[in-house]
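Here is a report on one protein chain. It covers the overall fold, then the helices, strands and ring contacts.

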Amino acid sequence: MKLWQNSPGRETFCSVETEQKRYTFFIPGRPVPWARTRMNRGGHFFTPNRQRIYKLSLGSFFSQKVREPLEGPLAVTLRVQLVRPRTNKTLLPITRNTSDVDNWAKMVLDAGNGLLWKDDCQIAVLEVSKVWVADEDGEGVFIQVFSIRDEDLIESEEVVTETIQ
């Protein structure tokens, strides 16, 4: 199952900037959120097929596009783009039919382990959003990963501290 395969109107893009240590991807296709491990009738735990296949597809895409995982602290931006159901009139995708943003993030972060970064514990800043798109051609996941310096984290921490006090 190649989710990133180019088809008319559904172009994948990939930008790798080695000097700035930044990766930018758009992976078209219906994204799949992380789901809880399920138990079958025999009492054995299993991962749903759809989830397992999507994670393997993401991993395959990352391994083809990235030569080595980034090191050090990272910032990650994820934008999950979903087609709005016809019956839904809300401007934001906060319906029962869309998963929580943390489940979308977990799928991408786990798939990127060892490929985009050595381990997802390197991610110091994470921004996740889900948005409606007009049609299936815009459906997919936008991913941006870039290295950050320790100084950037210290500065942002000072801002948060000042705001809290």
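## Basis and overall fold

Helices (H or I, at least four residues) and strands (E, at least two) are DSSP runs, numbered from the N terminus. By that rule the protein chain has three helices and seven strands. Their order from the N terminus is β-β-β-β-α-β-α-β-β-α.

The model is predicted: local features need pLDDT of at least 70, side-chain atom pairs count only at pLDDT 80 or more, and totals for chains, interfaces and linings use all residues. Residues are numbered from 1 along each chain as its sequence is written, and side-chain values use heavy atoms, with hydrogens and water left out.

## Surface and contacts

Buried means under 20% relative accessible area, exposed means over 50%, and partly exposed lies in between (1.4 Å probe, protein chains only). Of the 165 residues in the protein chain, 36% count as buried. The accessible surface is about 10,700 Å². Carbon and sulfur atoms hold 50% of that surface. These areas come from the Shrake-Rupley method with a 1.4 Å probe; for residues, only the protein chains shown count as cover.

A contact means heavy atoms within 4.5 Å. Take the contacts between residues at least 6 apart in sequence: 78% of them join residues at least 24 apart.

## Helix H1

H1 spans residues 49-65, 17 residues in total. From first C-alpha to last, H1 reaches 24 Å, close to the 24 Å expected at 1.5 Å a residue. The expected span is 1.5 Å times one less than the number of residues. The buried residues in H1 include Gln51, Tyr54, Leu58, Phe61 and Phe62. Their cover includes strand S2 (22-28), helix H2 (101-112) and strand S7 (140-147).

Gln51 is found in H1. Gln51 counts as buried because its relative accessibility is 3%. Leaving out residues up to four places away in sequence, Gln51 touches Val32, Pro33, Trp34, Ala35 and Met107.

## Helix H2

H2 has 12 residues. Its C-alpha span, first to last, is 17 Å, close to the 16 Å expected at 1.5 Å a residue. Its buried residues are Trp104, Ala105, Met107, Val108, Leu109, Asp110, Ala111 and Gly112. They pack against H1, S5, S6 and S7. Gly114 follows H2 and has a positive phi, near 80 degrees.

Leu109 sits in H2. Leu109 is buried because its relative accessible area is 11%. Its contacts, not counting residues up to four places away in sequence, are Val76, Trp117, Asp120, Ile123 and Leu126. Leu109 and Val76 are 33 residues apart along the chain, yet their C-alpha atoms are separated by 9.1 Å.

## Strand S5 and its partners

S5 covers residues 74-83 and is mostly covered: seven of its 10 residues are buried. Two strands pair if DSSP finds at least two bridges between them. S5 and S6 (residues 123-133) run parallel, joined by 10 bridges. Within that pairing, Ala75 has Val125 as its bridge partner in S6.

S5 also pairs with S7, in the antiparallel sense, over eight bridges. There the bridge partner of Thr77 is Gln144. In a regular strand the side chains alternate between the two faces of the sheet.

## Aromatic pairs

Rings of Phe, Tyr and Trp (its six-membered ring) pair if their centres lie within 6.5 Å; planes under 30 degrees apart count as stacked, over 60 as edge-to-face and the rest as tilted. The structure holds four such pairs. Phe25 and Phe61 have ring centres 5.4 Å apart and planes at 75 degrees, so the pair is edge-to-face. Phe25 lies in S2 and Phe61 in H1, so the pair ties together parts 36 residues apart in sequence. Phe61 and Phe62 also form an edge-to-face pair, at 5.9 Å centre to centre with 70 degrees between the planes.

Phe25 counts as buried because its relative accessibility is 0%. Phe61 is buried, with a relative accessible area of 0%. Phe62 is buried too. Tyr23, Phe25, Phe61 and Phe62 form one aromatic cluster.

## Charges over rings

A charge sits over a ring if NZ of Lys or CZ of Arg is within 6 Å of the ring centre and within 35 degrees of the ring normal. The charged end of Arg22 sits over the ring of Phe146, 4.6 Å from its centre. The charged end of Arg79 sits over the ring of Phe142, 4.6 Å from that ring's centre.
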